[in-house]
Amino acid sequence: MAAGVLNLTGLSAIEQGASYSHTLTVANGAVPLDLTPYTIRSQIRAEYSDVAPLVAFTCTKITAVSGIFSISLTPAQTSLLAPTGYQYYKYDIELEHTDTSVIRLISGVVEVTAEATRPII
């Protein structure tokens, strides 16, 4: 199964310095995928080939049997991401089954918009 493409750009872009959350549902046609036996993981990298990620999303099963989960970042994490301008970051979401098989569910690019308001020091 090839990974789907979901670009986190435009209205789904990450805002620097703000909380970020995106909820997704996994299904095969109309049948939801039961996420119970899976661990969900997702990272952002400047390039796919980079050794270390810039940040890792927190992946939370909302309703596992219905295939619903979210990916999120804290304001501290989004503050670590420089605004992307015309160069987008890369990310993917993987499902690791308890039998250790891995499915790359989604991949795409990430846009980060600049933060203007920051704490005054």
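Mentor: His22 lies in strand β3; strands here are DSSP runs of E with at least two residues, helices are runs of H or I with at least four, and both are numbered from the N terminus. This is a predicted model, in which local features need pLDDT of at least 70 and side-chain atom pairs count only at pLDDT 80 or more, while totals for chains, interfaces and linings use all residues. Residues are numbered from 1 along each chain as its sequence is written, and side-chain values use heavy atoms, with hydrogens and water left out.

His22 has a relative accessible area of 19%. That value makes the residue buried, because buried means under 20% relative accessible area, exposed means over 50%, and partly exposed is in between (1.4 Å probe, protein chains only). Apart from neighbours within four places in sequence, His22 is in contact with Leu6, Ser12, Phe69, Ser70 and Ile71; contact means heavy atoms within 4.5 Å.

Strand β3 belongs to an open sheet of three strands, in the order β3-β9-β8, with antiparallel pairing. Its edge strands are β3 (20–25) and β8 (58–63), each of which pairs on one side only. Two strands count as paired if DSSP finds at least two bridges between them. Strand β9 (residues 68–73) pairs with β8 over five bridges, in the antiparallel sense. Cys59 has Ile71 of β9 as its bridge partner, and Ile71 is also one of the contacts of His22. In general, strands of a sheet pair through backbone hydrogen bonds, either parallel or antiparallel.

Now for the charged side chains elsewhere in the chain. Side chains of opposite charge can pair when their charged atoms come close. A salt bridge is a side-chain nitrogen of Lys or Arg within 4 Å of a carboxyl oxygen of Asp or Glu, and a search of the whole structure finds three. In one of them, Arg41 meets Glu94 at 2.7 Å, N to O. Glu94 lies in strand β10 (residues 89–97) and Arg41 in strand β6 (residues 38–45), so this pair ties together parts that are 53 residues apart in sequence. Arg41 also forms a salt bridge with Glu96, at 2.9 Å, N to O. Since Glu96 lies in strand β10 and Arg41 in strand β6, the pair ties together parts 55 residues apart in sequence. Glu94 is buried at 18% relative accessible area, whereas Arg41 at 33% counts as partly exposed, and Glu96 at 27% is partly exposed.

Another salt bridge joins Glu47 and Lys90, with the closest N and O atoms 3.7 Å apart. Glu47 is in the loop between β6 and β7 (55–56) and Lys90 in strand β10, so the pair links distant parts of the chain, 43 residues apart. Glu47 is partly exposed, with 34% relative accessibility, while Lys90 is buried, with a relative accessible area of 14%.

As for the chain as a whole, it has one helix and 12 strands. Its radius of gyration is 15 Å, close to the 14 Å that the globule rule gives for 121 residues, so the chain is as compact as a globular protein of that length. That radius is taken over C-alpha atoms, and the globule rule is 2.2 Å times the number of residues to the power 0.38. Of the 121 residues, 34% count as buried, as His22 does. Among contacts between residues at least 6 apart in sequence, 66% join residues at least 24 apart.
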